[in-house]
There are 2 protein chains.
Amino acid sequence: MTQAGTAEVPKVTLYSYFRSSCAWRVRLGLLLKGMSRIPYEYKAINILKGEQFTDEFTKLNPLQLVPVLEIDDVKLVDSIAILQYLEERFPDKRPLLPKDLVQRAHIHQVVFLIASNIQPLQNTQILPVIEAKLGKEERLKWAQYSIAKGFSALERILEKTAGKYCFGDMVTLADVVLSPQLANAIRFQLDMAPYPTIRQVGQALNELPEVKASAPANQPDAPNL
Amino acid sequence: MTQAGTAEVPKVTLYSYFRSSCAWRVRLGLLLKGMSRIPYEYKAINILKGEQFTDEFTKLNPLQLVPVLEIDDVKLVDSIAILQYLEERFPDKRPLLPKDLVQRAHIHQVVFLIASNIQPLQNTQILPVIEAKLGKEERLKWAQYSIAKGFSALERILEKTAGKYCFGDMVTLADVVLSPQLANAIRFQLDMAPYPTIRQVGQALNELPEVKASAPANQPDAPNL
């Protein structure tokens with residue numbers, strides 16, 4: 001049985017694609033949990049070339065998605081399941097959740113608002129389907145609509161909870177999930193004017209060295225532009 | 001601060017819609033966690049009539065979705081955040097997660113496979129959009145395709161982990177989320193032949209009194225047919 005707080009330094013391998021927002025969540029979580037001093041191995045899976053569909057990768061993750069994390073002999077898929085595992089296994093390394101149960105639930109709400117209500121509607125699985133059925137212009141509109149709908153609700157929540165970050169001045173799992181989603185919003189040219197709180201939190205997050213180091217442009221498989 | 005294992009009996013109100021699979025997750029979770037002896041108050045929100053869009057309800061949940069749970073003076077939205085809160089607050093009342101961290105992560109993977117990769121693509125927010133853009137026949141095809149894609153991956157996972165339920169013979173959060181998703185699959189007339197393990201687990205789950213009591217047909221707002 002793996003116990004919380006196991007002391008030895010684990011061997012970590014991350015299967016990632018530089019632009020995947022779900023892989024970014026895990027890259028950011030690893031850095032925030034202090035893994036920057038444990039150089040993890042980075043294995044690039046090129047989603048646009050379909051490398052996630054090989055038999056070898058499908059054995060790793062039947063859902064054919066990045067990220068996959070190997071930590072010692074444990075293999076984990078799904079970004080949120082991975083983040084929760086890291087939090088439970090290394091609770092003392094920069095906690096990303098407070099101890100109060102209600103505060104934890106409020107943070108989880110924001111995590112799932114993004115992970116279940118925004119991201120799945122504008123990811124690399126769904127957008128090609130939308131484009132094939134409705135055309136290229138509808139693809140962008142669809143992505144913008146999906147993010148705007150979720151951000152409207154998120155803005156109303158964060159108005160009440162935000163300090164420097166989503167919940168006061170502590171970096172939490174909500175911020176880990178928000179940062180990549182914000183980058184998607186900007187990539188899809190969403191008008192951010194209606195979301196001043198989200199913008200402000202996003203600016204603070206962008207100044208964190210862990211956010212910079214985990215950003216798509218700074219990954220080994222990012223193209224040299 | 002709310003502590004785990006608080007002894008007093010809480011006052012519980014659930015805002016629900018009988019057919020909502022996310023509300024069903026919480027109804028089932030409440031019953032499994034022993035709330036059957038604490039008669040919770042059921043407030044019906046008719047999604048088809050748009051009762052989730054009123055100002056009063058939007059104050060409760062800016063995302064304009066059921067379920068919302070009030071437990072004493074705490075208000076929680078998002079089915080998975082609610083289930084995690086109940087698990088953390090009442091850890092000794094029929095645990096729905098084991099103590100081993102890796103096993104917990106594997107269960108979370110199945111929870112999020114359904115909650116982030118299947119349900120959002122076939123829920124009452126997205127299907128009307130698909131129907132408006134592509135027609136009624138595409139609506140059914142879309143729902144079937146979304147569930148089938150997720151179930152193919154889920155079948156490969158459960159082949160290795162299932163006993164009577166998703167993970168051995170313990171009822172876990174994975175089962176709490178699977179049960180309503182299976183009912184959706186049947187409602188959308190999905191051919192279940194390719195998923196023998198999912199079917200078998202589903203049959204075992206359907207025999208649980210808590211699954212029966214939380215099913216849509218047995219809710220106060222279900223129509224008399």
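Predicted model: local features only at pLDDT ≥ 70, side-chain atom pairs only at ≥ 80, totals over all residues.
Over all chains, the rule gives a count of seven aromatic pairs. In one of these pairs, the ring centres of A:Phe151 and A:Tyr195 lie 5.7 Å apart with their planes at 80 degrees, and because planes over 60 degrees apart count as edge-to-face, the pair belongs to that class. Since A:Phe151 sits in helix H6 (residues 136-161) of chain A, whereas A:Tyr195 sits in the loop between helix H7 (173-187) and helix H8 (196-206) of chain A, the pair ties together parts that are 44 residues apart in sequence.

The contact between the two chains draws 46 residues from chain B and 46 residues from chain A, and together the chains bury about 4,200 Å², of which 64% is on carbon and sulfur atoms. Across this interface the rule finds 14 residue pairs in polar contact, with both residues at pLDDT 80 or more.

On chain B, the elements that give two or more residues to the side touching chain A are strand E4 (74-77), helix H3 (79-89), helix H4 (101-117), helix H5 (126-134) and helix H6 (136-161); the largest share, 12 residues, comes from H4(B). The table sorts that side of chain B by residue class.

| Class | Count on the side of chain B that touches chain A |
|---|---|
| Nonpolar | 26 residues |
| Polar | 10 residues |

Four salt bridges are found across the interface of chain B and chain A. B:Arg104 forms a salt bridge with A:Glu88, in which the closest N and O atoms are 2.9 Å apart.

Methods:
Residues numbered from 1 in each chain as written. Chains lettered and ligands numbered in written order. Heavy atoms only, no water. Contact = heavy atoms within 4.5 Å. Buried area = accessible area lost by both parts, 1.4 Å probe. Salt bridge = Lys/Arg side-chain N within 4 Å of Asp/Glu carboxyl O. Polar contact = N/O pair within 3.5 Å; in protein donor to acceptor, adjacent residues only side chain to side chain. Helix = DSSP H or I, 4+ residues; strand = E, 2+ residues; numbered from the N terminus. Nonpolar A, V, L, I, M, F, W, Y, C, P; charged D, E, K, R; others polar. Phe/Tyr/Trp six-rings, centres within 6.5 Å; stacked < 30°, edge-to-face > 60°.
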